[in-house]
Amino acid sequence: MKRQDSKTRQPATQIPADAVDAFRAQHLDLATRDLMTETGVMQVVVNDSESPLAWLARRKGRDGRAMIGPDQFIAGERLRADFTRGHMTPRVTSSWSGIGRTRGSGGGGDMTDLIVASRQRVRLALEACGPEFSGLLLDVCCFLRGLEDVERERGWPSRSAKVVLQLALDRLARHYGLRSDARGGGGAIRTWLADDAAFTP
């Protein structure tokens with residue numbers, strides 16, 4: 001589905017005044033985002049504080065730079081969007097949608113093209129990142145688990161998850177075409193050889 005331009009966008013969703021009261025709002029980090037749906041682009045209000053990636057993108061390291069760069073953040077959010085659109089989040093409540101159906105109906109017929117395509121993109125992205133990084137990307141980007149929880153459950157040293165996540169997001173961003181691999185210039189090969197030795201590459 002092609003992204004619609006601003007002229008064909010749906011109007012911004014109006015949030016009722018009582019949807020988020022003042023007490024709750026002071027504990028949230030609300031922002032407006034564009035979300036691609038089956039009917040087009042619509043604006044939704046999201047809580048940035050629920051996403052570990054948004055927290056890392058806003059937080060500065062000792063060198064004054066953000067802990068993850070814009071390409072890394074966009075790549076992680078793209079994976080999360082496909083994960084959500086693909087309905088891959090585990091269900092935490094009972095589903096009564098199958099009540100009244102005859103045996104053999106439903107199931108695969110409920111899968112829209114958008115869901116199937118989103119799941120395929122998630123699969124391809126995780127395969128491109130490899131088994132070393134795919135589990136961490138799922139935990140942090142899709143299941144919104146904090147880095148400290150990841151370190152504790154995996155027995156990793158303190159503050160190591162951030163470094164591994166940066167590497168994983170780099171690979172994910174490269175898969176999405178957001179980064180290019182560094183390529184060296186064709187410089188001369190330097191070696192330490194004896195005066196009478198010869199080197200042929």
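**From one leucine to the whole chain**

Leaving aside neighbours within four places in sequence, L165 is in contact (heavy atoms within 4.5 Å) with L53, L56, L136, L137, V140 and L147. The model is predicted, with local features requiring pLDDT of at least 70 and side-chain atom pairs pLDDT 80 or more, while totals for chains, interfaces and linings use all residues. Residues are numbered from 1 along each chain as its sequence is written, and side-chain values use heavy atoms, without hydrogens and water.

L165 also belongs to the largest nonpolar core, which has 26 residues. A nonpolar core is a set of buried Ala, Val, Leu, Ile, Met, Phe, Trp, Tyr and Cys residues joined through side-chain atoms within 4.5 Å; buried means under 20% relative accessible area, with a 1.4 Å probe and protein chains only. L79, L137, L165, L169 and L172 touch the most other members. At least two residues of this core come from each of α2 (52-58), α3 (70-85), α4 (113-129), α5, α6 (147-154) and α7.

Two helix pairs can be examined in turn. Helix α5 (residues 131-142) packs against helix α7 (residues 160-175) at an angle of about 100 degrees, with the axes 9 Å apart. Axes are lines fitted to C-alpha atoms, for helices over the stretch in contact, and angles run from 0 to 180 degrees between N-to-C directions. The two helices are therefore roughly perpendicular, a term for angles of 65 to 115 degrees. On the α5 side the contact has E132, F133, L136, L137, V140 and C141, and on the α7 side A161, V164, L165, L167, A168, L169, R171 and L172. Its residues divide into 12 nonpolar, no polar and two charged. Here Ala, Val, Leu, Ile, Met, Phe, Trp, Tyr, Cys and Pro count as nonpolar, Asp, Glu, Lys and Arg as charged, and the others, Gly among them, as polar.

α3 and α7 pack at about 75 degrees, with their axes 8 Å apart, and so are also roughly perpendicular to each other. D71, Q72, A75, G76 and L79 of α3 meet Q166, L169, D170, L172 and A173 of α7. This contact has five nonpolar, three polar and two charged residues.

The chain as a whole has seven helices and two strands, in the order α-β-β-α-α-α-α-α-α. These are DSSP runs, helices (H or I) of at least four residues and strands (E) of at least two, numbered from the N terminus. Of the 201 residues, 24% are buried.

Key: Angles under 35 degrees count as roughly parallel, over 145 as roughly antiparallel, 65 to 115 as roughly perpendicular and the rest as oblique. Buried means under 20% relative accessible area, exposed over 50%, partly exposed in between (1.4 Å probe, protein chains only).
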